[in-house]
Amino acid sequence: MSDMAISSQKVKTLKPHNCWGCTVLFPPKSTMERVNCVDGDKIYSVYWCEFCQKVLAKMGSFNASDGFAFGELQETQEFVDLQNTQSKEGVL
Ligand SMILES: [Zn+2]
């Protein structure tokens, strides 16, 4: 099985969505990145919050996004590092 991200788009959500990276449930009207993926003959969308997008950007490629299982991003060193950085700056 190989999932592939085929397109992505910044959207303002209409419904609540869990971020694929950190599993946090974001309410409607959140700005998130919607990534359309294809898995065999199925097309589905996953949503990424702005924080997780920054983590992915730090890893060098947003295409990394289709390589993660749900919630797996928060297990990465980059996620923890960025979280620590932001809490020091008082952003979170
Ligand atoms: Zn997230």
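Start with helix H1. Phe-51, Cys-52, Val-55 and Leu-56 are buried there. Buried means 20 or more other C-beta atoms within 10 Å of the residue's own; exposed means 12 or fewer, partly exposed is in between, and the C-beta atoms are placed from the backbone. Those four cover an arc of only 140° around the axis, so they sit on the same side of H1. The arc is taken from the directions running from the helix axis to the C-beta atoms.

A word on the source. This is a predicted model: local features need pLDDT of at least 70, side-chain atom pairs count only at pLDDT 80 or more, and totals for chains, interfaces and linings use all residues. Residues are numbered from 1 along each chain as its sequence is written.

What do the buried residues of H1 pack against? Strand E5 and helix H2, residues 77–89. Helices (H or I, at least four residues) and strands (E, at least two) are DSSP runs, numbered from the N terminus. Just after H1, Gly-60 takes a positive phi of about 105°.

Now the core. The largest nonpolar core has 14 residues. Cys-19, Tyr-47, Trp-48, Cys-49, Cys-52 and Val-55 have the most contacts inside it. E4, E5 and H1 (50–58) each give it two or more residues. H1 gives the most, with four. By nonpolar core I mean a set of buried Ala, Val, Leu, Ile, Met, Phe, Trp, Tyr and Cys residues joined through C-beta atoms within 7 Å.

Take Cys-49. Leaving out residues up to four places away in sequence, Cys-49 touches Cys-19, Gly-21, Cys-22, Val-24, Phe-26 and Met-32. Contact means C-beta atoms, placed from the backbone, within 7 Å.

Next, the hairpin. E4 and E5 (residues 42–48) pair in the antiparallel sense over seven bridges. Pairing requires that DSSP finds at least two bridges between the strands. Two residues lie between E4 and E5, and Gly-40 takes a positive phi near 65° in this hairpin.

Val-38 is in E4, residues 31–39. Buried or partly exposed? Partly exposed, because 15 other C-beta atoms lie within 10 Å. Val-38 stands opposite Ile-43 in E5. Val-38 also touches Met-4 and Ile-6, again not counting residues up to four places away in sequence. Met-4 is 34 residues from Val-38 in sequence, yet 5.3 Å away, C-alpha to C-alpha.

Last, the whole chain. The elements run β-β-β-β-β-α-α from the N terminus. Buried residues make up 20% of the 92. Of contacts between residues at least 6 apart in sequence, 51% join residues at least 24 apart.

Terms used:
Two residues are in contact if their C-beta atoms, placed from the backbone, lie within 7 Å.
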